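Thanks for making time this morning.

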Amino acid sequence: MPSVILGFAAAVAWEAGKPLVMEEVEVAPPQKMEVRVKILFTSLCHTDVYFWEAKGQNPMFPRILGHEAGGIVESVGEGVTELVPGDHVLPVFTGECKECAHCKSEESNMCDLLRINTDRGVMIHDGKSRFSKNGKPIYHFVGTSTFSEYTVVHVGCLAKINPLAPLDKVCVLSCGISTGFGATVNVAKPIKGSTVAVFGLGAVGLAAAEGARVSGASRIIGVDLNPNRFEQAKQFGVTEFVNPKDYNKPVQEVIAEMTDGGVDRSVECTGHVDAMISAFECVHDGWGVAVLVGVPHKDAVFKTHPMNFLNERTLKGTFFGNYKPRSDIPAVVEKYMNKELELEKFITHQVPFSEINKAFDYMLKGESIRCIIRMEH
Ligand SMILES: NC(=O)c1ccc[n+]([C@@H]2O[C@H](COP(=O)([O-])OP(=O)(O)OC[C@H]3O[C@@H](n4cnc5c(N)ncnc54)[C@H](O)[C@@H]3O)[C@@H](O)[C@H]2O)c1
Ligand SMILES: [Zn+2]
Ligand SMILES: [Zn+2]
């Protein structure tokens, strides 16, 4: 039986917006259908920042954040048959039980049991946390809590991947890159020659642009408020750039003028409701499809005239690019291994675990695309 792991480092968010603190924590053994994972590499996604800031999201502290990572199975709990110690895994914030109606449907990845729940800070099995410090529990985050040398994850939230895949690269497939790429190829589905607008040119948006590029889009219009993004975005197939700050009219009107009535597809990767509305209103009537990916403020309201729908525009949204983590992600990792998908260009920064707060600074200043956090000393 696996025992409690003592004295391993975790970066704990004690309070909203305050730097994470490296702490020695206790990590309880995995319970029924759970797996304890040694995290080797993790990276920072903007969703972690929202829940750390807790401005537009419900506060829950102390908490161990982190959901984009790669690691190795250390031990497994009762009932886990498909993973053994030593397996290489990517934890995913939304799971796949393989038994519910969603898991059985080809159209959904919204597993009834394991779909994302940002307000749950405990394990499903017993409603308790596996992390503690001096006997006091520390909350989990989206079932993954990867800002820790060891974490406990439900088996349904772990994708078993090729052990030859370098975890310091493929860890970015555990959230951002799969999300953006999948939002385009699985949900927006642009056909060859299409015009695609991407709102927000962070890792998620650039992966969405990459999805448009491999789909054969002829024009990819990148929209961002940060002009520093535009030069970088050329590497991801973005052909034109629009900064909403440069115009004194809504960006959807600017895009409609550039494209003779609107784009065929748009993918929103900002998390701001105004950009979501623009992303919808900039698609062409008759056939345009907009896909929302950004995580909105908890009180956000999406407002548009119903005529925009009557005029035959479609609005969709997605978590994790509609990929089912266990069934689909191993094949996405193989795309990287076969050089069909490049990951290196998304990785702009690296820091040791002890300097994890720098990763937050790089993201808040808009300097990084992805910053890899190395757990080993
Ligand atoms: N749906 C999902 O499954 C899922 C998964 C991962 C991330 N997300 C969300 O995707 C979004 C992007 O994540 P990221 O890690 O790439 O973040 P990021 O901070 O690296 O990139 C966001 C980009 O959007 C730009 N931006 C912000 N407001 C804008 C606006 N109004 N108009 C145009 N551009 C604007 C920023 O300048 C930045 O370049 C976040 O909201 C994140 O929470 C969703
Ligand atoms: Zn994420
Ligand atoms: Zn399910």
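Predicted model: local features only at pLDDT ≥ 70, side-chain atom pairs only at ≥ 80, totals over all residues.

**Salt bridges, metal sites and a ligand**

Let me begin with Glu342, which is partly exposed at a relative accessible area of 40%; here buried means under 20% relative accessible area, exposed over 50%, and partly exposed in between, with a 1.4 Å probe and protein chains only. Residues are numbered from 1 along each chain as its sequence is written, chains are lettered from A and ligands numbered from 1 in the order in which they are written, and side-chain values use heavy atoms, with hydrogens and water left out.

Glu342 forms a salt bridge with Lys345, at 4.0 Å from N to O, where the term stands for a side-chain nitrogen of Lys or Arg within 4 Å of a carboxyl oxygen of Asp or Glu. Lys345 is buried, with a relative accessible area of 12%, and both residues belong to a network of salt bridges that also takes in Glu210 and Arg213. By this rule the count comes to 20 salt bridges.

Another of these joins Arg326 to Glu82, with the closest N and O atoms 3.0 Å apart. That pair links distant parts of the chain, since Arg326 sits in helix α10 (residues 325-337) and Glu82 in the loop between β4 (68-76) and β5, 244 residues apart; helices (H or I, at least four residues) and strands (E, at least two) are DSSP runs, numbered from the N terminus. Arg326 is buried, at 12% relative accessible area, whereas Glu82 is partly exposed at 42%.

The side chains of Asp87 and Lys160 also meet in a salt bridge, at 3.8 Å from N to O. Asp87 lies in the loop between β4 and β5 and Lys160 in strand β9 (residues 158-160), so this pair ties together parts that are 73 residues apart in sequence.

Turning to the metals, which residues coordinate the zinc ion (ligand 3)? They are Cys97, Cys100, Cys103 and Cys111, each through SG, at 2.3 to 2.4 Å; donors are N, O and S atoms within 2.8 Å of the metal (3.2 Å for Na, K and Ca), and water is not among the atoms, so sites may look incomplete. The angles among the four donor atoms run from 104 to 117°, and the site is tetrahedral, a label that four donors receive if all angles lie between 85 and 135 degrees. Along the chain the donors follow the spacing C-x2-C-x2-C-x7-C. Cys100 and Cys111 are both buried.

The zinc ion (ligand 2) is coordinated by Cys45 (SG), His67 (NE2) and Cys175 (SG), at 2.0 to 2.3 Å. His67 is in the loop between α1 (46-53) and β4, and Cys175 in the loop between α3 (167-170) and α4 (176-188), 108 residues apart. His67 is buried at 2% relative accessibility, as is Cys175 at 5%.

Finally, ligand 1 is surrounded by 30 residues, counted when one of their heavy atoms lies within 4 Å of the molecule, and the closest are His46, Thr47, Tyr50, Asp224 and Phe320. A backbone N or O atom of Val204 lies 3.0 Å from an oxygen atom of ligand 1, and a polar backbone atom of Val295 lies 3.1 Å from one. The protein covers 91% of the 870 Å² of accessible area that ligand 1 has on its own, as computed by the Shrake-Rupley method with a 1.4 Å probe.

Technical notes: Tetrahedral: all angles 85-135°; square planar, octahedral: opposite > 155°, others 65-115°. Polar contact = N/O pair within 3.5 Å; in protein donor to acceptor, adjacent residues only side chain to side chain.
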